[in-house]
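Thanks for making time. Please have the sequence and the structure in view.

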Amino acid sequence: MRLLNVSTLELEAFYGADTPKYAILSHTWGKNELTKAELEAITQHRQAQKQQLEHNQQMAMARSSQPQSSLPTISSFGTAADRNKAEAVRMMLLSSMLAAMRNGRTYTVNYGVHPHHSHSGLGHDRSRSITDGHDEPSSDYGSEDGHSQTHEHHHSHQLERRRQQEEEEEEENEFRERERLMSRYNLPMPVQQPPSGPVLPAITPHPLELKPGYTKILSAAKQALSDGIQYLWADTICIDRTNGYEISEAINAMFTWYSNAAVCYAHLEDVVFQEYKSGYRTWEHDFAESRWFTRGWTLQELVAPKKVVFFAKAWQWLGTKADSTLSKAIEKVTKIEGKVLTDPGQIFRTCIARRMAWASARKTTRPEDMAYSLMGIFGVNMPLLYGEGGENAFVRLQEEIIKSSDDHTLFAWGLVGSNGKKEDNVVPTHYDSLEEFDHDEMVGMTGILARSPADFAGMDGVVPATTTMPEGDASYKMTNKGLKIRLKLSPVNIGHVTNQKFYLGVLNCQHSEDDPSSRLGMLLTETETPNVLFRTRTKMYTWLSGTALATAEPKTIYICQNNPARLIQRDGQLDELVWIKARDLVSPGYQIVDIQARRGHWNREFSTLRATGIDISGGGKKGGAEVVVYQLAVLTFWNKHMRRAFHIRVLVDGSSRTYFVDLCQPSSQSPGQQQQQQKEEPKKERNEMEELKWLKGEAKRIWENPGQIRLISSGRGKPGELKQTKMIDIANPDTYGTGSEESNSSSGSTWGAEKLSWEVVLDQGFSSTVTFTEAWEKEYMRTVRALVEKRKDVVVLEVSSMLWEAAPVPAAPKSEAGMSNGADIAIAV
């Protein structure tokens, strides 16, 4: 690993046992962080200036050892006239030297010594010392030429003194600015030269040293020095982020580096250390809301080191994670137990679900890092594949965990309700547009593994079961069919789809607040393939009591990992997601009590129905093939207070994938409606159950015997050609194509090879609306209207209603099945 020497501020590399004692800087990244390349540029800049300083010192010492050239002095002249001439020559030489220095002078930054401190020797101008020590010339020169020269010399001397004063003021201002920058960024002070030594320029700071990231590194290095630690590790400067191999190596080893560190300095830049910041708020409030506790990478920086010291923005000491007061605040914010904070060895004794819950509310800049930052916490390693996406990276992380763990809590995500709220009854979620919901979530079925740590929110109360189930097998493995595992399965009825089977797969874990004999169970849905099941999403709390466990039977099953929405659809197979928008019926008290569909999966929480396995390969082909209209689903709405019900049937043309909707009321009065006036409560409850059973029977008869519809064609598109009419059977997906459907003269016939043009003609039996009576304070009429269309790969069924006062409308004639009797529709082929 690469470490920063806090004395020289240079990076050094160490390997294995040769690694010295070091500290770690933990922080949240900002916009002006210092990188490894920038630190190396600063180091090279300082080394170059140091070499130049040494070279200048050697040259100055060499010049000082040489004999100075002999110049005429005043004492070498005898007479006053000679002395006046010598003085004039001396002043002319001095003026020339000053002019040359002003014109060709290069300014050097001297930020170590005040420019007026001439005794230090640093920054002292020798030319200035000569002029400063020169006395005013005497006015007694004895000749007219001497007087003229004296006047000119006096004027030149005043100008020179004025320039010197301006330069001194400029240097004074520069010194004050450099002194302010040194104090702000903690820049090192240069060593002063002895007064007798040569005058040398001081080291100038690199522009990158003014970055806040460099100041952060200097402050951490200063703290390490005060703690007697010679080396510091910081992710910004100790990792070459232009080298992908080095990044992968560092991330895989990062947890070990944190564990081996002597101390971790956690710098919270958004915490201001003041006794009273604003009103009643103190730094403790900012501490609990610090961004540091929301980042993915800082989780392992909190739990892995043995000692973590927290510092405020200005590097004031706040405390350690082991402090009793601070540890309680950390535990409240992070949901991490105090014993884990004080003893890092407890990390691997904590179940997987709880460790995942620690990261459930954290975020990373790159989505893949959410999984990569958790590798050390679960003791696994894997290659880094930036660009694979956060979900794929997290699935790979769980697959690596499966290879070395038999902890069932890995599969317990989402079993204790929404965000850990143990809810047995969940109110359906309503959305207004397709853009608002997650398509995969609306499908209802999902893979066995979670998509992100957020799925483990609220799982901090999940613990492994105290006793194992003798019928189960703790071992499991991932295969190409999914997760192969042996579980006890308990049949459960959670929805209204009568031809779909659901199970609760019993896991060897429980909630800490439940009875020790209870177990958590994940909701599973069967598929066409024997012993292969999908996991079903739910916001409800799914668990089994000790009594229910006694009836569950162990079985070896495969639980698919791929989301069913992403499976390859076979040619000729219809797989549709139907979104039912019926918000207008919720308030009056109508709800779906039964759904008839082929392998339909009803998600009550999101009002979606996934209909799969409908074989449409046998009909609807262009040019000579038969036209087939399939029955996609039959939905039954019921209001138990008003004792009113109606059916909605969704049809689809196999060739054009055009959807139709048909509404009707039950064909006769149910036993529950006949006994509606009875007031005995036990008898009333029994009648409700009888009526509900009768309604489901009606829906099943409609599904099994869907009846016929009439197709009307306007001919082959030629003017004046007569329309053609044809009656066809509505296909039942459960029996069509299997040879069990009843044959009649209309089914199986074709229209010929040429394409026909069709028009839609609806009769009274086939309608998108239905009207019936409701008894409130007085009798009202309710009209229910349904529309169906395909939008963005989703079949949207919108059901609306209107209540109005009017005379009852006679019911439309119905067929024996209870639906339309010979509806006229047009289908494009």
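Start at glutamate 774, whose bridge partner is tyrosine 780 in S28. What we have here is a predicted model, in which local features need pLDDT of at least 70, side-chain atom pairs count only at pLDDT 80 or more, and totals for chains, interfaces and linings use all residues. Residues are numbered from 1 along each chain as its sequence is written, and side-chain values use heavy atoms, with hydrogens and water left out.

The strand names come from DSSP: helices are runs of H or I with at least four residues, strands are runs of E with at least two, and both are numbered from the N terminus. Two strands pair if DSSP finds at least two bridges between them. S27 and S28, the latter covering residues 779–791, are joined by seven bridges and run antiparallel.

Both belong to an open sheet of six strands with mixed pairing, in the order S20-S21-S18-S29-S28-S27. At its edges are S20 (601–603) and S27 (769–775), each pairing on one side only. On average, neighbouring strands of this sheet are turned by 20 degrees against each other, direction ignored. For angles, axes are lines fitted to C-alpha atoms, for helices over the stretch in contact, and angles run from 0 to 180 degrees between N-to-C directions.

Now S18, residues 573–581. How many of its nine residues are buried? Seven are, so the strand is mostly covered. Buried means under 20% relative accessible area, exposed means over 50%, and partly exposed is in between, with a 1.4 Å probe and protein chains only. S18 pairs with S21 (residues 608–615) in the antiparallel sense over six bridges, and leucine 577 stands opposite arginine 610 in S21. With S29 (residues 794–804), S18 pairs in the parallel sense over four bridges; there, tryptophan 579 stands opposite valine 796.

S3 (residues 22–26) and S5 (residues 263–267) run parallel and are joined by four bridges, with isoleucine 24 having cysteine 264 in S5 as its bridge partner.

Let me stay with H7. The helix has 17 residues and reaches 24 Å from its first C-alpha to its last, close to the 24 Å expected at 1.5 Å a residue; the expected span is 1.5 Å times one less than the number of residues. Where does H7 bend? The bend is at alanine 253, by about 50 degrees, taken as the angle between axes fitted to the seven residues ending there and the seven starting there.

The buried residues of H7 include Ile247, Ile251, Phe255 and Trp257. Among the elements covering the buried residues of H7 are S1, S3, S4 and helix H13 (369–372), where contact means heavy atoms within 4.5 Å. At the N-terminal end, asparagine 243 caps H7, with a side-chain oxygen 3.0 Å from the backbone nitrogen of tyrosine 245.

Two loop residues should be noted. Leucine 9, in the loop between S1 and S2, is not a glycine but has a positive phi of about 55 degrees. Lysine 335, in the loop between H10 (324–334) and H11 (338–342), has a positive phi near 65 degrees. Most residues other than glycine have a negative phi.

Last, threonine 409, in the loop between H14 (390–404) and H15 (439–443). Is this residue buried or exposed? Threonine 409 is buried, because its relative accessible area is 0%. Leaving out residues up to four places away in sequence, threonine 409 touches residues including Cys351, Phe456, Pro464 and Cys509. Its side chain also makes a polar contact of 2.8 Å with that of aspartate 407. A polar contact is a pair of N or O atoms within 3.5 Å; within protein, one must be able to donate a hydrogen and the other to accept it, and residues adjacent in sequence count only if both atoms are side-chain atoms.
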